[in-house]
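This report describes a protein chain through its confidence, its secondary structure and a selection of its residues. Please consult the sequence and the structure shown below while reading.

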Amino acid sequence: MNAKRLKRQIIKKKLFTKNRLVILNEDTFEELFSFKLNLMNVFVAITSISIVMIALTTYIIAFTPLREYIPGYASTKLKREATQNAIKSDSLQKIIDENGVYLASIKKVLTGDLEHTKLSRDSIQPAEQKDLNNVDPGPSDADKKLRDEVALEDKYNLFEQAKPKVGLVLFPPVKGHITDAYSSKSKHFAVDIALAKDTPIKSVAAGTVILADWTPTNGNVIIVRHNDGIISVYKHAASLTKEQGDIVKSGEVIAMAGSTGTQSTGVHLHFELWKDGYPINPTQFIDFE
C-alpha cells in the first residue's frame, strides 16, 4: 500500500515539477526568451490544441465548400449534375420504352403476325373525344346522314328503346366487291375490295394519321388512329392525300386507289381494322356493298 502511494507521489511530482524553458543566443549566450512549464501544462496544451483542430476540421468538412479540395469528396455541383442526369436518364428510358411498345404495335399492324382475337360488336363503346391539337373536326355530312338512318331504324323497333345501337359509326372507306374476305385461319386480317383506278379512299372515322408512307411490299400505306383504340389501315394506294400527323374527318378522302407494292394483285384496296392491337373483321361493322 505504501509502495503504491509512493509511486503515485513520484508521478505527481514529475507532472507538477516546474521547469524553465530558456532560449539563448548561440553566439553571445544572451537569454532571449524563457518561461516556466511542467508536464501537466504541456499535456493540457496539446490536448486543447488537438480538440480545436478536430473541431475546426469537422466544421470545414461539414459546412464549407473547402471539403471539395479534400481527396475523396465530390463537389456539390458535380453531385447536383449527377442527380439531374440520373433523373433525365430515367425519363428518357421511360420514353424509349413507350416508343418501343408503340413501334411494336405498328409492326403488328403492318405484318399481321399475331393471334386472332374474338371481338363482338358490343365491345366497341363510344369513348371520350380527345383534344386533337385543339381542333374539333366534327362529323361529316355523310356521317350525320348515316347516324340519322340508324336512329330512324331504331325509332320503330318494338323491342328496343328509340336510340342508336352504337355510339361510334364507321364510314365505308369505299364501295365495291370484296374479292378476298377476312380470314383468321389464313392470317389474312383484312378485306380486299376491287376498285377502279384512282377511286377515292375515305377515312372510316375521325382521327389522326400516324403513318403515311411507301413500303416495298404494300406500296403506299396510310394508317389512321381513331378513338376507343381503333386503328384503320389502307394499303396498295396509288397516291396519298394526307401526311403523318394530319387530322382527318369521317368520310374525308385520304388516298386514291391503285395497285402498288409487290404483294398487290391488281387495283384494289387492302383494308384492315384493329382494336387495341388485335385485328377484327371489318364486315362486322362496315357495309362495303
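The account below moves from the chain as a whole to individual elements and residues.

**Confidence and overall composition**

The model is predicted. Its average pLDDT is 79, and 78% of the residues reach a score of at least 70. Residues 116-121 have a pLDDT below 50; beyond near neighbours in sequence, the model gives this stretch 12 contacts. In residues 158-166 the pLDDT likewise stays under 50, and the model has 11 contacts beyond four places in sequence for this segment. Where pLDDT is low, predicted coordinates should not be read in detail.

The chain contains four helices and 12 strands. Of its 289 residues, 27% are buried. The chain exposes about 19600 Å², of which 58% is supplied by carbon and sulfur atoms. Among contacts between residues at least 6 apart in sequence, 59% join residues at least 24 apart.

Helix H1 covers residues 2-16 and has 15 residues.

Strand E1 (residues 19-24) and strand E2 (residues 31-37) run antiparallel and are joined by six bridges. Within this pairing, Val22 stands opposite Ser34 in E2. The two strands form a hairpin with six residues between them. In the turn, Phe29 has a positive phi of about 60°.

**Residues with positive phi**

Most residues other than glycine have a negative phi. Two further residues with a positive phi are Asp198 and His236. For Asp198 the angle is about 65°, although this residue is not a glycine. Asp198 is placed in the loop between strand E4 (191-194) and strand E5 (200-202). His236 also has a phi of about 65° without being a glycine, but is found in strand E8.

**Aromatic pairs**

A search of the whole structure finds three aromatic pairs. Two of them are set out in the table.

| Ring pair | Distance between centres | Angle between planes | Arrangement |
|---|---|---|---|
| Tyr182 and Phe189 | 6.2 Å | 50° | tilted |
| Tyr234 and Phe271 | 5.3 Å | 50° | tilted |

Both pairs count as tilted because an angle between planes under 30 degrees would be stacked and one over 60 edge-to-face. Tyr182 has a relative accessibility of 14% and counts as buried; Phe189, at 4%, counts as buried too.

The pair of Tyr234 and Phe271 links distant parts of the chain.

Glu252 occupies the loop between strand E9 (247-248) and strand E10 (253-257). Its relative accessible area is 24%, so Glu252 is partly exposed. Which residues does Glu252 contact beyond its neighbours within four places in sequence? They are Ile201, Lys202, Ser203, Lys242 and Ile247. One of these, Ser203, is 49 residues from Glu252 in sequence, yet the C-alpha atoms of Glu252 and Ser203 are 5.5 Å apart in space.

Notes:
Residues are numbered from 1 along each chain as its sequence is written. This is a predicted model: local features need pLDDT of at least 70, side-chain atom pairs count only at pLDDT 80 or more; totals for chains, interfaces and linings use all residues. Side-chain values use heavy atoms; hydrogens and water are left out. pLDDT is the predictor's confidence in each residue, from 0 to 100. Contact means heavy atoms within 4.5 Å. Two strands pair if DSSP finds at least two bridges between them. Buried means under 20% relative accessible area, exposed over 50%, partly exposed in between (1.4 Å probe, protein chains only). The expected span of a helix is 1.5 Å times one less than its number of residues. Rings of Phe, Tyr and Trp (its six-membered ring) pair if their centres lie within 6.5 Å; planes under 30 degrees apart count as stacked, over 60 as edge-to-face and the rest as tilted. Accessible areas come from the Shrake-Rupley method with a 1.4 Å probe; for residues, only the protein chains shown count as cover.
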